[in-house]
Amino acid sequence: MIGILVALAISWLLLFLIEKKNILALGFLPILKRLKQLTFGFIITAILCVIVQYFESYLKSSAWVLNENISGAIVFQSFLWDVKSVVTEELIFRGALLYILIQKLGSRKAILISAIGFGIYHWFSFGVLGNIIAMIFVFTGTGLMGYAWAWAFSKTKSIMLPFGLHLGWNFVHNSIFSKGPLGELVMVSRGGTELVDWSWILNFVSSSIVVPILLLIWIRYFVTDETERTTAMK
């Protein structure tokens, strides 16, 4: 929680010093509209993550079963953990810095810089620094996802849609399918074999390339461009 407060304070300070704006420049208002964007984003990536996990289960010939030791309290705690981690990352990568970069460099360059930074950051958070092959795969997957979320910020002029997209993926991935650092939670994988060769490649492509591409298509055709709307109203 302290990390989030620090990130908020630094974001507010940067916005004030560089752009003479306050934290509301990150698009928290109007609240109902932004909550709707957050909800849609959450649902879309949650569904995509479920599909990816069951595709992986198919490739592995494994099965997802309900964890008998799970409780509502544990799920809530893991959800809060996901929320805190997502809020922190969003404030860093789709917050004040991205807003300022867009103002100074334009959307295209700013989105690319944000995506590159997001990919590099995950070398450290995933602990793959020094393993060249793993670094390439991690950078590709997280960088493409970061590009989609940064574009969502640019089009909506709000952090709320990328927050929903990020949280939907992380919560289902980490808490529902037990793929995060918190151990076995709601669903656990039983049986099957390890992915190798083409099956591993297919799984990587589905989660790290196909999913971001689908999100980019959705953002391109179904997310309203707030910049165009603002310009038209002037």
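**Helix packing around H7**

1. The axes of helix H3 (residues 72-93) and H7 come within 9 Å and cross at roughly 140 degrees. Axes are lines fitted to C-alpha atoms, for helices over the stretch in contact, with angles running from 0 to 180 degrees between N-to-C directions. H3 is therefore oblique to H7 (under 35 degrees is roughly parallel, over 145 roughly antiparallel, 65 to 115 roughly perpendicular, the rest oblique).

2. This is a predicted model, in which local features need pLDDT of at least 70 and side-chain atom pairs count only at pLDDT 80 or more, while totals for chains, interfaces and linings use all residues. Residues are numbered from 1 along each chain as its sequence is written, and side-chain values use heavy atoms, without hydrogens or water.

3. Contact (heavy atoms within 4.5 Å) between H3 and H7 involves, among others, Val75, Phe79, Asp82 and Glu89 in H3 and Phe163, His166, Asn170 and Phe171 in H7. By class, the residues of this contact divide into 10 nonpolar, 6 polar and 3 charged (Ala, Val, Leu, Ile, Met, Phe, Trp, Tyr, Cys and Pro count as nonpolar; Asp, Glu, Lys and Arg as charged; the others, Gly among them, as polar).

4. Helix H7 (residues 160-176) also pairs with helix H8 (residues 197-222): their axes come within 14 Å and cross at roughly 150 degrees. H7 and H8 are therefore roughly antiparallel to each other.

5. Leu161, Leu165 and Trp169 in H7 meet Ser207, Val211, Leu215 and Trp218 in H8. This contact has 6 nonpolar, 1 polar and no charged residues.

Definitions and conventions. Helix = DSSP H or I, 4+ residues; strand = E, 2+ residues; numbered from the N terminus.
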